[in-house]
Number of protein chains: 2
Amino acid sequence: MTAKNAFYAQSGGVTAVINASACGVIETARKHKDRIANVYAGRNGIIGALTEELIDTGLESDADIAALRHTPSGGFGSCRYKLKSLEANKREYERLIEVFKAHDIGYFFYNGGGDSADTCFKVSQLSETMGYPVQAIHVPKTVDNDLPITDNCPGFGSVAKYIAVSTLEASFDVRSMAATSTKIFVIEVMGRHAGWIAAAGGLVEDNDIPVLVLFPEVEFDKDKFLAAVKSKVEQHGFCTIVVSEGCHWPDGKFLAEQGTRDAFGHAQLGGAAPVVANMIKEAHGYKFHWAVADYLQRAARHLASASDVEQAYALGQAAVQKALEGKNSIMPTVVRESSNPYKWSIGEASLSEVANVEKMMPTEFISADGFGITPACKDYLYPLIRGEAYPPYNNNGMPNYVTLKLASVAKKLAEFKL
Amino acid sequence: MTAKNAFYAQSGGVTAVINASACGVIETARKHKDRIANVYAGRNGIIGALTEELIDTGLESDADIAALRHTPSGGFGSCRYKLKSLEANKREYERLIEVFKAHDIGYFFYNGGGDSADTCFKVSQLSETMGYPVQAIHVPKTVDNDLPITDNCPGFGSVAKYIAVSTLEASFDVRSMAATSTKIFVIEVMGRHAGWIAAAGGLVEDNDIPVLVLFPEVEFDKDKFLAAVKSKVEQHGFCTIVVSEGCHWPDGKFLAEQGTRDAFGHAQLGGAAPVVANMIKEAHGYKFHWAVADYLQRAARHLASASDVEQAYALGQAAVQKALEGKNSIMPTVVRESSNPYKWSIGEASLSEVANVEKMMPTEFISADGFGITPACKDYLYPLIRGEAYPPYNNNGMPNYVTLKLASVAKKLAEFKL
């Protein structure tokens with residue numbers, strides 16, 4: 001059997017551990033040179049395949065590839081570029097196959113969320129139709145944790161750990177100050193459609209922190225919320241609030257869209273956190289502080305979950321192993337064997353079942369009052385944030401994150417307009 | 001010599017390492033039971049002394065006191081309560097002395113910033129006048145790093161490390177996305193009067209990150225700033241901006257005060273970061289993300305600097321040792337012997353020279369264009385963020401931060417109205 005090249009690309013919002021999956025793909029491929037000659041990576045994601053801007057990972061040292069395991073962000077660049085349906089834009093899919101053909105690429109590893117699973121699925125279908133065989137394997141990644149079938153998605157565990165720990169630390173801070181000063185701390189977290197990340201903030205309840213979580217799954221009820229805040233402050237002296245960026249009013253309008261205008265009439269500038277904080281101040285007069293974690297949360301490799309890093313790597317590794325076993329149009333998954341003790345294994349899902357399916361928080365994970373998480377949710381979350389996987393630091397006190405060479409592969413085709 | 005009790009209190013905004021100083025004070029006192037019978041802590045800071053709400057630290061186990069070293073926040077509670085001048089409110093100072101007398105307190109360890117240094121100084125003066133001897137020692141603490149004489153202040157090094165690392169991580173993230181999506185990342189940091197924390201964000205320049213820092217020391221020049229952003233994006237494809245909450249226009253108005261009003265006419269909700277981000281969007285159309293770290297930065301014990309933890313502990317320890325040497329009205333300081341290699345020792349400053357003096361960033365630490373830091377500034381900062389001092393974690397993946405018993409000492413005096 002002749003060795004073919006592999007193509008690897010990172011898709012959508014990056015995470016603290018997507019590079020660990022890249023590391024798993026490349027290191028495993030390097031162990032099978034007889035089958036996988038080289039791994040080409042898309043410069044800035046799938047756009048790199050369309051424009052034939054391929055990165056020669058063969059020119060990266062073993063040490064630099066190993067360092068991807070502890071480096072956050074997308075080492076090869078990512079993009080937010082969703083290929084349209086096959087019918088609407090067959091031209092792009094055909095271009096992908098042409099580029100794969102020109103560079104003797106027989107394996108397509110696509111590292112992303114729901115949209116990229118869909119693209120991956122279509123590439124596998126079209127490659128059959130076009131008579132150029134490509135094994136398309138999707139490597140799951142998303143901080144939103146919303147892919148189906150897999151128990152969880154790499155990237156989520158590390159965000160969850162960061163939010164749980166940061167919420168705990170800030171809650172300890174506000175507890176220190178509450179007697180005479182700040183009584184309310186609001187932290188805004190990612191997750192526009194699903195409350196998985198917000199749920200992680202709810203874990204601090206186990207450390208005796210009075211906490212209220214505002215999920216996108218629960219319509220915001222201002223009166224009920226303000227009463228709950230008052231009750232917590234009267235009982236504990238302070239209250240922490242974790243608000244998902246996706247928290248919304250019954251009419252679907254996000255809390256962040258408050259209709260605020262600046263002096264020039266431009267739309268408001270803030271997020272959900274300042275809206276919630278000011279709402280509390282107005283109702284109860286409590287002094288507040290608020291934080292918006294934004295990219296800090298998904299990039300926080302310094303506090304990655306060891307479970308998450310291990311699984312991100314294992315799924316990249318499994319993608320290559322499954323390709324070598326002849327598998328096509330699949331996604332390796334995390335299968336939870338048990339929560340206590342935490343045991344997991346690698347499974348596999350057909351891309352036809354993954355594409356365009358969103359996994360929401362189960363209702364039984366949200367407490368009856370809508371402001372907290374249940375014991376079942378905690379059992380689910382804790383194993384995912386378990387263990388610390390610190391990056392190495394240099395003598396200046398900064399982490400040794402790698403920046404790759406990213407040398408281009410020579411182009412062979414005519415230019416393609418996106 | 002009869003053993004006296006000691007009084008210890010935490011003052012002002014808490015930090016990731018103020019408890020490490022508490023640990024240094026209490027552990028050192030416990031080694032000298034012949035001289036220091038017990039350490040009473042003020043419940044919620046100096047207010048605890050005024051209201052005679054004293055915490056009996058003697059009832060805390062050695063293990064719990066040791067755990068303070070890795071626990072962020074103020075373990076005994078802190079407060080924002082500035083005693084007025086001796087003339088304006090002699091009553092409060094006299095009350096302090098009465099409480100000290102009632103509980104046989106001969107040592108006053110006050111852990112805080114500029115205001116508490118001033119209080120500490122006045123207590124030492126008044127105790128002489130009133131004929132009840134109290135040795136008043138100030139233990140420096142402030143994330144703002146604005147105390148004079150000492151090379152740096154415990155609390156600052158850990159915030160600086162957190163901001164430097166987080167800014168690096170988020171910059172790697174935006175670099176991954178910049179080709180097709182986000183090109184601007186803005187992080188807002190603490191420091192209303194001094195740009196020390198913002199300066200730490202400027203360190204990412206050494207990791208080839210295009211970064212602009214907006215200091216409180218430099219009047220904001222919108223045109224110059226927007227031109228600098230454009231130049232960075234055209235050259236590098238993206239740009240990171242670190243904005244101090246204290247950044248202001250030439251007329252002194254903070255950037256955060258944009259005159260924004262919500263639908264009800266209430267003042268704006270956001271911070272400086274969204275203002276800067278929207279300003280760039282309006283001028284250049286670049287997609288942005290922004291974060292406000294707020295309490296997360298000063299509570300982030302999970303990423304504390306080892307230098308900082310060590311110095312926080314050493315200063316608490318030195319405070320007790322100096323008290324036992326008979327010193328009064330002083331503050332132990334960090335003396336930098338050399339930066340490369342980093343060597344430091346403990347010195348001492350008279351409180352008369354510390355009280356009410358603010359240390360600003362030296363002009364030679366800010367680059368000529370006003371948007372960055374100089375090599376001299378980097379030489380100053382790196383040793384302070386050097387080394388990692390991780391807290392222990394439990395099997396659930398959460399840090400083992402301690403919550404103390406905080407048992408009260410029986411009151412002996414009549415109630416005192418604040």
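In the predicted model, the contact between the two chains draws on 70 residues from chain A and 70 residues from chain B. On the side of chain A that touches chain B, at least two residues each are supplied by α6 (156-177), α9 (272-284), β9 (288-292) and α10 (295-299) of chain A. Of these elements, α6(A) provides the largest share, with 13 residues. Classified by residue type, this side of chain A comprises 33 nonpolar, 24 polar and 13 charged residues.

Chain A itself is divided into two domains: domain 1 is formed by 4-141 + 304-356, and domain 2 by 156-299. A distance of 35 Å separates the C-alpha centres of domain 1 and domain 2 of chain A. Contact between these domains involves ten residues of domain 1 of chain A and five residues of domain 2 of chain A. The side of domain 1 of chain A that touches domain 2 of chain A consists of four nonpolar residues, five polar residues and one charged residue.

The secondary structure of chain A includes 13 helices and eleven strands. Because its radius of gyration, 23 Å, is close to the 22 Å given by the globule rule for 418 residues, chain A is as compact as a globular protein of that length. Along the principal axes, the C-alpha atoms of chain A fill a box of roughly 70 × 45 × 40 Å. Buried residues account for 60% of the 418 residues in chain A. Among the contacts in chain A with a separation of 6 or more, 75% are between residues 24 or more positions apart.

Conventions:
Residues are numbered from 1 along each chain as its sequence is written. Chains are lettered from A and ligands numbered from 1 in the order in which they are written. This is a predicted model: local features need pLDDT of at least 70, side-chain atom pairs count only at pLDDT 80 or more; totals for chains, interfaces and linings use all residues. Domain bounds come from an automatic or database domain assignment. Two residues are in contact if their C-beta atoms, placed from the backbone, lie within 7 Å. Ala, Val, Leu, Ile, Met, Phe, Trp, Tyr, Cys and Pro count as nonpolar, Asp, Glu, Lys and Arg as charged, and the others, Gly among them, as polar. Helices (H or I, at least four residues) and strands (E, at least two) are DSSP runs, numbered from the N terminus. The radius of gyration is taken over C-alpha atoms; the globule rule is 2.2 Å times the number of residues to the power 0.38. A residue is buried if 20 or more other C-beta atoms lie within 10 Å of its own, exposed if 12 or fewer, and partly exposed in between; C-beta atoms are placed from the backbone.
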